[in-house]
Amino acid sequence: MCILLCSLCCLNAAAETIRVTTRENAVRGDCRFFAPVKLKVALGDLLTVKGRKGDWYLVSARGVNGCIHKSAVESRRFASSGRGAATGGSSADEVSLAGKGFNPQVEAGYRKSGKNLNYAAVDEIVRITVDEKSLETFVLQGGLVQP
Amino acid sequence: MLVKLVLMLTLCLLTTGFSFNDLTPDRINAITSTVMSIGKAARPLGDDEEYYVGRAVAARITSTYPLYRNSRLTEYLNLIGQSIVLHTDKPTTFGGYHFALLDSPEINAFACPGGIILITRGMLSSVQSEDELAAVLAHEIGHIIHRDGIAAIQSSRWTDALLVIGSNAAREFGPKETAKLVSLFEGSIDDVFKTLVVNGYGRDQEKAADAAALGYLAAAGYDPQGLTGYLNRLKQAGQGSKGGILTTHPGTEERLENVREAAVASVDTAALPRRNKRFANMTR
């Protein structure tokens, strides 16, 4: 029983790295949005945790130190022996397949289901972005609060 | 979570006449795998999976309501939405937040899981200021962050999904497994779509989304009273007609009362005229 408990507990052992869970994100020079981007990171990238500051992780990756918001990373910690430290180790598909099975493969099957679906519109919507400079200006001009 | 799983497993082993002599490395691996699977079934959808659910829901909605392609207004909508999102508990999602307009005179708004928010031209015409429009978006952001759409999926589908994917996270599913998962996915999308478009969320979910919206608006620097203004527009619209958001969001009077009673932090309204001016410029 001890062996079993140990093997299970090892899965949860605190390690040095966390994983990016959004398609793309940024390690910033300061722990706030709109701070200069020091490094662009992608889904599955592993980052070394140096500390915490409020809702932000202080991290290190590819020789760069900076901050990433907690909502962009998996709070569960990963063994540093894991693949692809901060180099885009696991693909989007690999990460998504680790869950309930709803992934691009299933979406592709659903598209063929004959239902009335407008994925072209969805692809158009998810391409909509606003650049950070425009957003910062919009916030300032509208007398809104800087995040 | 792990402690719960270990306790659950220990209980199972003890109640099934488990003997320590039975423990071989292979059995340990099998048991570990089973425990991880149980954990997976109990866990809500991952952000990435929620994204695919949201895409499918949006694909169904946009097959009924076509996109309103006005790049200026769409950018304005996204600037307001992003200004709010950055002050929430979840400023980033797997695929990010995206806001779009639908070409329909009906007054309606939809929060698709994962971060796609759709509002109709009718909704845009019904609000009278940027702060009211911000309130509409903040309410929908609340539904996304509370995962209200995902909560509409029947829980039995999760156990069915577990039966299909088994204890190992396959890198790629075979045709049989894929077909079963597509069927489960389809059922899940039906559940969410029905809630968003036909039945609406529960009263508690609406109340919670309104409460969250008040907090997001205040944190972002928008006047939380914008939510009162928006609900008043809904109330006025409800006096003349039915349908759209009035079908899926009943009880506007009750929502207004809840919002009035909520303790709302006061915000500096000095910049309100500037925001009203840019709203007028954008929507004229």
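Chain B holds an open sheet of three strands in the order β1-β3-β2, with mixed pairing; strands are DSSP runs of E with at least two residues, helices are runs of H or I with at least four, and both are numbered from the N terminus. Strands count as paired if DSSP finds at least two bridges between them. This is a predicted model, in which local features need pLDDT of at least 70 and side-chain atom pairs count only at pLDDT 80 or more, while totals for chains, interfaces and linings use all residues. Residues are numbered from 1 along each chain as its sequence is written, and chains are lettered from A and ligands numbered from 1 in the order in which they are written.

β1(B) and β3 (residues 116-120) of chain B run parallel and are joined by five bridges, with His98(B) opposite Ile116(B).

Now for the helices. Two packed helices are described by the angle between their axes and the distance between the axes. Axes are lines fitted to C-alpha atoms, for helices over the stretch in contact, and angles run from 0 to 180 degrees between N-to-C directions.

| Helix pair | Angle | Axis distance |
|---|---|---|
| α4 (residues 119-126) of chain A and α3 (residues 47-64) of chain B | about 120° | 8 Å |
| α4 (residues 71-85) of chain B and α6 (residues 130-145) of chain B | about 60° | 9 Å |

The angle makes α4(A) oblique to α3(B), and α4(B) is likewise oblique to α6(B); angles under 35 degrees count as roughly parallel, over 145 as roughly antiparallel, 65 to 115 as roughly perpendicular and the rest as oblique.

Where α4(A) meets α3(B), the residues include Val122(A) and Ile125(A) on one side and Arg55(B) and Ala58(B) on the other; contact requires C-beta atoms, placed from the backbone, within 7 Å. These contact residues divide into six nonpolar, one polar and one charged (Ala, Val, Leu, Ile, Met, Phe, Trp, Tyr, Cys and Pro count as nonpolar, Asp, Glu, Lys and Arg as charged, and the others, Gly among them, as polar).

Within chain B, the residues of α4(B) that meet α6(B) are Ile80(B), Gly81(B), Ile84(B) and Val85(B).

Key:
Contact = placed C-beta atoms within 7 Å.
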